[in-house]
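Reader: I'm new to looking at protein models. Could you walk me through this one, a feature at a time?

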Amino acid sequence: MAFKKSSGKLSQAAVLKQIVKRCSSLGRKHEQNHEDVPKGHFVVYVGENRTRYVIPISFLSRPEFQTLLRQAEEEFGFDHDMGLTIPCEQRVFESLTSMLR
């Protein structure tokens with residue numbers, strides 16, 4: 001996933017917009033009741049049990065979270081039916097997101 005606009009690659013804003021769009025459509029397809037996802041948030045799944053977390057879209061611009069997104073892309077890709085899955089342990093994810101709030 002590229003974040004610089006050079007040699008035909010997408011800008012960071014364009015990449016983040018694509019991620020949000022994919023997350024939003026995945027959430028609508030797979031969550032029967034997505035009313036608990038407030039505007040400005042999206043759903044990710046974390047850990048072996050795929051625990052569901054609702055997180056602010058603002059996290060997408062944070063370098064720490066972008067690292068997780070790159071890992072997710074490498075391991076799972078973004079074009080699949082499982083929802084956006086973050087490949088890390090729940091406690092690590094919770095620790096990171098608590099620092100980002």
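Predicted model: local features only at pLDDT ≥ 70, side-chain atom pairs only at ≥ 80, totals over all residues.

Author: Let's begin with the aromatic rings. Rings of Phe, Tyr and Trp (its six-membered ring) pair if their centres lie within 6.5 Å; planes under 30 degrees apart count as stacked, over 60 as edge-to-face and the rest as tilted. By this rule there are four aromatic pairs here.

Author: Residues are numbered from 1 along each chain as its sequence is written, and side-chain values use heavy atoms, with hydrogens and water left out.

Reader: Which residues do the ring pairs link into a cluster?

Author: Phe42, Tyr53, Phe59, Phe65 and Phe93.

Reader: Are Phe42 and Phe65 buried or exposed?

Author: The cut-offs first: buried means under 20% relative accessible area, exposed over 50%, and partly exposed is in between (1.4 Å probe, protein chains only). Phe42 has 3% relative accessibility, so it counts as buried. Phe65 is buried too, at 0%. For contrast, look at Lys39, in the loop between α1 (12-30) and β1: its relative accessibility is 84%, so Lys39 counts as exposed. Glu74, in helix α2, is exposed with a relative accessible area of 68%.

Reader: How many helices and strands does the protein have?

Author: Helices (H or I, at least four residues) and strands (E, at least two) are DSSP runs, numbered from the N terminus. The protein has three of each kind, helices and strands, and from the N terminus on they run α-β-β-α-β-α.

Reader: What order do the strands take in the sheet?

Author: Two strands pair if DSSP finds at least two bridges between them. Here the three strands make an open sheet in the order β2-β1-β3, with mixed pairing. The edge strands, β2 and β3 (85-86), each pair on one side only. Between β1 and β3 the pairing is parallel, over two bridges. Tyr45 stands opposite Thr85 in β3.

Reader: What sits over the ring of Tyr45?

Author: A charge sits over a ring if NZ of Lys or CZ of Arg is within 6 Å of the ring centre and within 35 degrees of the ring normal. For Tyr45, that's the charged end of Arg50, 4.5 Å from the ring centre.

Reader: And which residues of the largest nonpolar core touch the most other members?

Author: In soluble globular proteins, nonpolar side chains tend to be buried together. A nonpolar core is a set of buried Ala, Val, Leu, Ile, Met, Phe, Trp, Tyr and Cys residues joined through side-chain atoms within 4.5 Å. The largest one here has 18 residues, and Val44, Ile55, Phe65, Ile86 and Phe93 touch the most other members. Elements giving two or more residues to this core are β1 (41-46), β2 (51-56), α2 (63-76) and α3 (90-100). Helix α2 supplies the largest share, four residues.

Reader: What is Phe65 in contact with, beyond its neighbours within four places in sequence?

Author: Contact means heavy atoms within 4.5 Å. Leaving those neighbours aside, the partners of Phe65 include Phe42, Val44, Ile55, Ile86 and Leu100.
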